[in-house]
Amino acid sequence: MSAGTYEEDLLRRLRVLEDKEALRRLMIRGWRALDRKDWRTWIECWAEDAVLDFGPWGEIQGREAVRAKVEQAEAHFPSIQHHILNMDFQVEDDRATGIGYMWFVAVTGSGQGSSPYSMGGPYDWEFRRGSEGGWLLVRQRLGVWWTDGEETPAGLGRSPG
């Protein structure tokens, strides 16, 4: 292997590792903002033409439509936590895909000693590199495999099937 080929391969592998870390940071930054109900920071992680595919809701197209739907659905929870688990990313130039699991926990009543509502299921993501070089979420599919706790809030039920 020539020095040029080795160095090119090393740089390519380093870029993939840096991209995977940038994708991980994007998701953590966005979902921590979501838990704080910082809608502006959360939605900045999404592309303008993004699609959210969530079983009970179907497909929601466009960044602002995604924001409006999620903000409405989570408005009645005093506090929420989105846990993103087992994230794995594959990078191909300026595109990437990812998978993970969601574990969502929400307090259903402020100051009440009630059990929280929770649900979980698989994430499936598509990303692209934005015009300024950072990554943006283009498509998110979220399935609901299980729910637990208080009665399922409107619109957050188990996916059909």
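The legends below describe an overview and close-up views of a predicted model.

**View 1. Overall fold of the predicted chain.** The chain contains 3 helices and 7 strands. Read from the N terminus, the elements follow the order α-α-β-β-α-β-β-β-β-β. Of the 161 residues in the chain, 39% are buried. Counting contacts between residues at least 6 apart in sequence, 58% join residues at least 24 apart.

**View 2. A nonpolar patch on the surface.** Five side chains are shown here: Leu85, Tyr101, Trp103, Trp145 and Trp146 form the patch. Together these residues have about 520 Å² of accessible area.

**View 3. Leu85 within the patch.** Leu85 belongs to strand β3, which spans residues 79–92. The relative accessible area of Leu85 is 36%, so this residue is classed as partly exposed. Leu85 is one of the residues of the nonpolar patch that also includes Tyr101 and Trp103.

**View 4. Surroundings of Arg139.** Arg139 is located in strand β6, residues 135–142. Its relative accessible area is 16%; because this is under 20%, Arg139 counts as buried. Leaving aside residues up to four places away in sequence, Arg139 touches Val51, Asp53, Glu59, Asp124, Trp125 and Glu126.

**View 5. Polar contact between Arg139 and Glu59.** The side chains of Arg139 and Glu59 make a polar contact at 2.5 Å. Glu59 is also among the residues that Arg139 touches, as are Asp53 and Asp124. The Arg139 end of this pair is in strand β6.

Key. Residues numbered from 1 in each chain as written. Predicted model: local features only at pLDDT ≥ 70, side-chain atom pairs only at ≥ 80, totals over all residues. Heavy atoms only, no water. Patch = residues over 30% accessible without salt bridge, like charges linked within 9 Å, V, L, I, M, F, W, Y side chains within 5 Å. Areas by Shrake-Rupley, 256 points an atom, 1.4 Å probe, with all protein chains shown as cover. Salt bridge = Lys/Arg side-chain N within 4 Å of Asp/Glu carboxyl O. Helix = DSSP H or I, 4+ residues; strand = E, 2+ residues; numbered from the N terminus. Buried < 20%, exposed > 50% of the residue type's maximum accessible area, 1.4 Å probe, protein only. Polar contact = N/O pair within 3.5 Å; in protein donor to acceptor, adjacent residues only side chain to side chain. Contact = heavy atoms within 4.5 Å.
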